[in-house]
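Take a moment to look at the fold before reading on. We will go from single residues to the whole chain and back again.

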Amino acid sequence: MTEDELLRAAFGDSPDLDVWPALAAPSARTRWLAAVVLGGQGHYAAAATVLDALRHDPDQVIASLSLSTRASHHRQLGAHHLARALDGAALARVPSAGESDPDGIDASGARTDALLGLAADSLGAQRLNEARGLLARVETRSWRSEARRGWVSAEIELADGRADAAVAPAEAAYGVATSRKALRHELKSALVLGTSLVVWGTPDGLHRGVELVECELNHSAEKGLQPLIWPSALVLAGHAPTVGASAIDRATEALSCVLRRADPVSRQVALDSPWVPTGLLRSGEPPNADPQANFLTD
């Protein structure tokens, strides 16, 4: 498997690519890219094995990015407290300089990933002012960093009850990812933008938001991107009654799949987390956990 193939899987048009053979590659960069792809597909346990080893890699950029990636998987399972320690370690590992990379696989991208992760961790702890302060420290020098900054910016505004202010950064992220033809990032951005629009709730915005999320859900399911499926389905269940019942079924199936593929510690943390709607797995009914509150950050 070539690096170009892995880059297309991680940051391009092939997020469903089978990257398992790359886990045995001698290159740390190759193994990190494979772990990114596996995480996007919801194979958290397999990704964790690789990332936990790479956090000690002598290449400080890869070590930092591996810590941030592992933190993002914790966060997606509601473990913001576990993610925070890893994001802090990621920031500490960032080298002062180095060669630039168009996808942000460099010192600047690693620093941005760590800071955005810390901002999302603060948001998960309901420390909005701290999250905004960390976001203000972010400098973006790659398309990936710009897209992720848009996600976190929108998420902060949603958590602050300012859905109208969430739309602009979400729209910007969607534009960046779409122009780059980065499918997984494009779908994630569509979810963030669609959620912002439906929460804002203007008639035109609600219509467009539901269309965006419904389209994103179908594409995510087609590509096997399980971590995007369950929050998308729950957004539709809450704002598109005509698809509510089937959306709940899809959310239950996707969340079950994600938890089956997680390591035991992450699985238990998710089951105990107020952020993850694990009530779906017990009753098939919409749980108290709100997928709009803190589920977006990659």
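A residue counts as buried under 20% relative accessible area, as exposed over 50%, and as partly exposed in between. Keep those cut-offs in mind. The model shown here is predicted.

Start with Arg267. Is Arg267 buried, exposed or partly exposed? Its relative accessibility is 29%, so Arg267 counts as partly exposed. Arg267 lies in helix α14, which covers residues 264-272. Set aside residues up to four places away in sequence, and Arg267 touches Leu259, Arg260 and Ala262. Now look for Ala45. Arg267 and Ala45 are 222 residues apart along the chain.

Next, find Leu118 in helix α6. Leu118 has a relative accessible area of 10%, so it is buried. What does Leu118 touch, leaving aside neighbours within four places in sequence? Its contacts are Arg84, Asp87, Gly88, Leu91 and Leu134. Ala90 can be compared by distance. Leu118 and Ala90 are 28 residues apart in sequence. Their C-alpha atoms are 9.8 Å apart in space.

Now step back to the whole chain. How many helices and strands does the protein chain have? The count is 15 helices and 0 strands. The radius of gyration of the protein chain is 18 Å, close to the 19 Å that the globule rule gives for 298 residues, so the chain is as compact as a globular protein of that length. Along the principal axes, the C-alpha atoms fill a box of roughly 50 × 35 × 35 Å. Buried residues make up 59% of the 298 residues.

Turn to the loops. Gln126 is found in the loop between α6 (107-124) and α7 (128-136). Its phi is near 65 degrees, a positive value in a residue other than glycine. With a relative accessible area of 64%, Gln126 is exposed, because exposed means over 50%. Lys181 sits in the loop between α9 (163-180) and α10 (183-200). Lys181 is not a glycine, yet it has a positive phi of about 60 degrees. Its relative accessibility is 62%, so Lys181 counts as exposed.

What about empty space? Rolling a probe the size of a water molecule over the atoms shows where empty space is left. The largest pocket has a volume of about 240 Å³. Which residues lie nearest the centre of the largest pocket? They are Ser96, Ala107, Ser108, Arg111 and Arg141, out of 15 lining residues. By class, the lining has 4 nonpolar, 5 polar and 6 charged residues.

Finish with the cysteines. Cys215 has 41% relative accessibility, so it counts as partly exposed. Cys257 has 11%, so it counts as buried. How many disulfides does a search of the whole structure find? The search finds 0.

Notes. Residues numbered from 1 in each chain as written. Predicted model: local features only at pLDDT ≥ 70, side-chain atom pairs only at ≥ 80, totals over all residues. Heavy atoms only, no water. Disulfide = S-S within 2.5 Å. Buried < 20%, exposed > 50% of the residue type's maximum accessible area, 1.4 Å probe, protein only. 1 Å grid on protein atoms, 1.4 Å probe; cavity = no way out; pocket = protein on both sides within 12 Å on 5 of 7 lines; lining within 4 Å. Points joined across faces, edges and corners; volume = space filled by probe spheres on them. Nonpolar A, V, L, I, M, F, W, Y, C, P; charged D, E, K, R; others polar. Helix = DSSP H or I, 4+ residues; strand = E, 2+ residues; numbered from the N terminus. Rg over C-alpha atoms; globule rule 2.2 N^0.38 Å. Contact = heavy atoms within 4.5 Å.
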